[in-house]
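Thanks for coming. I will talk briefly about the aromatic side chains in this structure.

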Amino acid sequence: MTRECAALLPGVCAALADPRQPGLDDTCLEKLLDWFRSLTWFDPTVELVQDNPCLTELITSVLALPDPSPSILSFTLQLAGILASSESRFQHLQQEKLLGRLFGREGPRDGAAWEDASVRSAWLKGVHSMLHHQPALHFLCSTGGMDVIFTLQGDPSLFVASAASQLLVHIFTFSLESETSKALSTKDCEWPVCAQLIVKHIQETLQSCSAPHIEQSLKLLSSLFGSCFGSCYAALTEVLWLDIAKQIESFLLEETVQAQPLLANLLLNVARSPVFCGTEDSFWALVTSALEHLTPVRAGPLAVGLLKLCKCPQDVRIQALTVLLQPMDCILRAASQPLECAGLLDESVSDPGTVESLLSSKTTCAGLLCQTLAYLEKLLSLKHLRVDLPCVPLLRSLMTILQLCNGFLSPTSPLGSTISRNLINCFRVQKSALDVLAALSEKKDCHTLIGSLFDVLLAYLQSPNTSPTVLKKTFQATSKWLVHLQGLSCSNSQWQQTEKILEDVFVVLQKRLCSPCWEVRDSSLEFLTAMVKCLKDQKEFRQCLLSSEVLRLTENLLEDPESYVRASAVTAVGHLALVACFAPESPVIGTQYNKESIVAKLQEILSTDSEGFPRRAVISIFTEWLREGCTGQLEDTEQFVSRVIQTVERDLDWEVRLGGLELVEVFCSQTICQLSQCPYAPVSSAVTGSTSQNELLQVFCRAKLFGFLFGSLCDCDKPVGQRACDVLVGLRGHFYPMSTLENPQEIEDSPAGRGIAWLQRTLRQGSLAQSFPTDGGDGVDFQDPESMMLALGAIDLLELHDELNKSSDHVEESPQSLLQDILASVGTIEDNEVDCY
């Protein structure tokens, strides 16, 4: 603690204990507690309370109040817990007889203040902070604290109940850790005292008839197995499990609906324990029983969790997958004509009638399918899934669901007809099914259904009943499967099929680009961009694209009334230009769609569009073109970059200015690489030669980069200044080895010296520098190579870098400032001393 803070602390403590003072803002009290946590974390000695007796005086004063405010009492409980976190300070507070009056039987837990949930929560937090040494553990057990915590598990306040559960997990863990010197490796060992109390409490409540108490203990058990038991406590893990296994099994057989999700979570956490990673038959038999007896909705989370485990027995893993696939199997069988195709599964884990009844109900059908589809998407995203998914029948089932949802399939079976009525126009299921369909595109063995799949996708793309959100998902799935189609073998029949699919896609895309709904136009443009990115090297795709009306329609959308659509059109046009304008093999498209026309239109949007989104899209596309080398020879690129940054530096949108800096960074890197004749790295020793240096500087000065970069250092939006500083620091690294930086004293008398000195002073003002001149004001010529070389070497860019990267509250949120603000708020110091934050 600094001397200044130590001088302010007594006044703060006196103000906090004074009932006549208005209550402090809770945020101030939390910040004060955070400060004490940091102090005690780094210094466990007793000196903190000995050197600052005002802290114990504060606690004593609050305890002496007949009716302390809940906020001050809560603060005091938490402060005492934080101070008592080290054994030496704990003993000091015990000698002062303070801890018993706060956390013991004579404390607030039997008084009126206990009715306030914040006081109960603070009591738990204080105990949690204190429990880091054995004396605190013994204190808690000897004063009846454990019973209080057990009671608070069922507190009406969810915050209090959650804190109580977390505290019990902490006590259990800490009590095990504190017994490491004793033999805990055999099954005959005894639990430590506090852990034994918790285990006994769990066993008693599990055997009670109180459903809330049973649920509390199941939650606690789940947390214990999830947090406490590693390989160090393998024997105790097994002991605890054997004590409760029979009771858990009875809950499963009773099929208590309220406890089902808790049982699934408990079993999953136990399964993650190293003890059961092998083949402990009785435990895995219980897991199998859970998969059979839990409802499909409750068994889903358990099944997907088991499938993600590394060391789950293969037969259990197969059963878990079967549970997830049962609804998909039921859909496929119900909707298929007799003997048309096999289902997904040879046999079910649980009664198929349960799944059928859930899918037959309007209220549960969509929920079960959405949950199942979400889990399947999660499994498909895993790199190493230790069980084979039946991808072809799964794909067939997804197509069936999508056809049922849009009414394109009319099952003849009674069950199929009922499911069809439940799913018609169900957007939730459509979106979930399309997500899984997109994920399946990564699999290699689905090519046999490719024609039927695109029939389903095109039906959704063409249908006027497809909602905009579902259409967006359909576009995303279609682009993924087009990439899949590109990777298939190149037989003549396959090429013909690919060409036909692409033609159909472009026909429907042309229609959707003209939709009256802006969300549809926007999604169509995003789909087009995704296709161009992935398929631009495919000959068939380029032919279909260039022979369609898509180019013209997309260019027209640059003038769309909706700014989101204009932005998407800019991005699409930018990527289309890579195919239609910049690619050497591109055919002539006509006089209207050419490189000069597109560049001019995008530059006009950058300088005149009233919305930020299209302008951001333009600067992003220009940067992409620059990276791809599409802007011509060095002289052309130089003029292009110069025009762009002169437009960007006046833009009111900071993200556009930031994009301009990214463009400059790419330009600098490419120019240095080109002039240094270095094919792999942006830096070469050749740059150190005066000829190369001068040539580089001339290019950068002609492009007017330095005025933009130095001006951006004073930008009122910090990210812009930070990025500009990064670019300048990088440039200085190219031109100056660290040992040869300019000495500001030596250049003071040079012709440019006074201008450089002014520039340094201006930059130190940061965003306070008004109307930063980039046209040579105050003697700085930003287009003079010699002056800019001096500026790069003399200005302390690293100091500026550190200043720009400092948090804006690095001064205002200091502990001293906090204490001053608290004193100011209670009126004990003058207004002009307040450092408000």
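**Aromatic pairs**

Start with Phe-139, which counts as buried at a relative accessibility of 7%. Keep in mind throughout that this is a predicted model.

What does a search of the whole structure find? It finds 17 aromatic pairs. One of them joins Phe-90 and Phe-139, and the arrangement is edge-to-face. The ring centres are 6.1 Å apart, and the planes make an angle of 75°. Where do the two residues of this pair lie? Phe-90 is in helix α6, residues 87–95, and Phe-139 is in helix α9, residues 134–142, so the pair ties together parts 49 residues apart in sequence. Phe-90 is buried as well, at 2% relative accessible area. The cut-off for buried is under 20%, so both the 2% of Phe-90 and the 7% of Phe-139 fall in that class.

Next, another pair: Phe-622 with Phe-640. This one is edge-to-face, with 4.9 Å from centre to centre and 75° between the planes. Phe-622 belongs to helix α32, residues 612–628, and Phe-640 to helix α33, residues 634–648, so here the parts tied together are 18 residues apart in sequence. Are these two residues buried or exposed? Both Phe-622 and Phe-640 are buried.

Now a group of rings. Which residues form one aromatic cluster? They are Phe-667, Phe-700, Phe-706, Phe-710 and Phe-782.

Last, a charge and a ring. Arg-616 has its charged end over the ring of Phe-613, at 5.1 Å from the ring centre.

Terms used:
Residues are numbered from 1 along each chain as its sequence is written. This is a predicted model: local features need pLDDT of at least 70, side-chain atom pairs count only at pLDDT 80 or more; totals for chains, interfaces and linings use all residues. Side-chain values use heavy atoms; hydrogens and water are left out. Rings of Phe, Tyr and Trp (its six-membered ring) pair if their centres lie within 6.5 Å; planes under 30 degrees apart count as stacked, over 60 as edge-to-face and the rest as tilted. Helices (H or I, at least four residues) and strands (E, at least two) are DSSP runs, numbered from the N terminus. Buried means under 20% relative accessible area, exposed over 50%, partly exposed in between (1.4 Å probe, protein chains only). A charge sits over a ring if NZ of Lys or CZ of Arg is within 6 Å of the ring centre and within 35 degrees of the ring normal.
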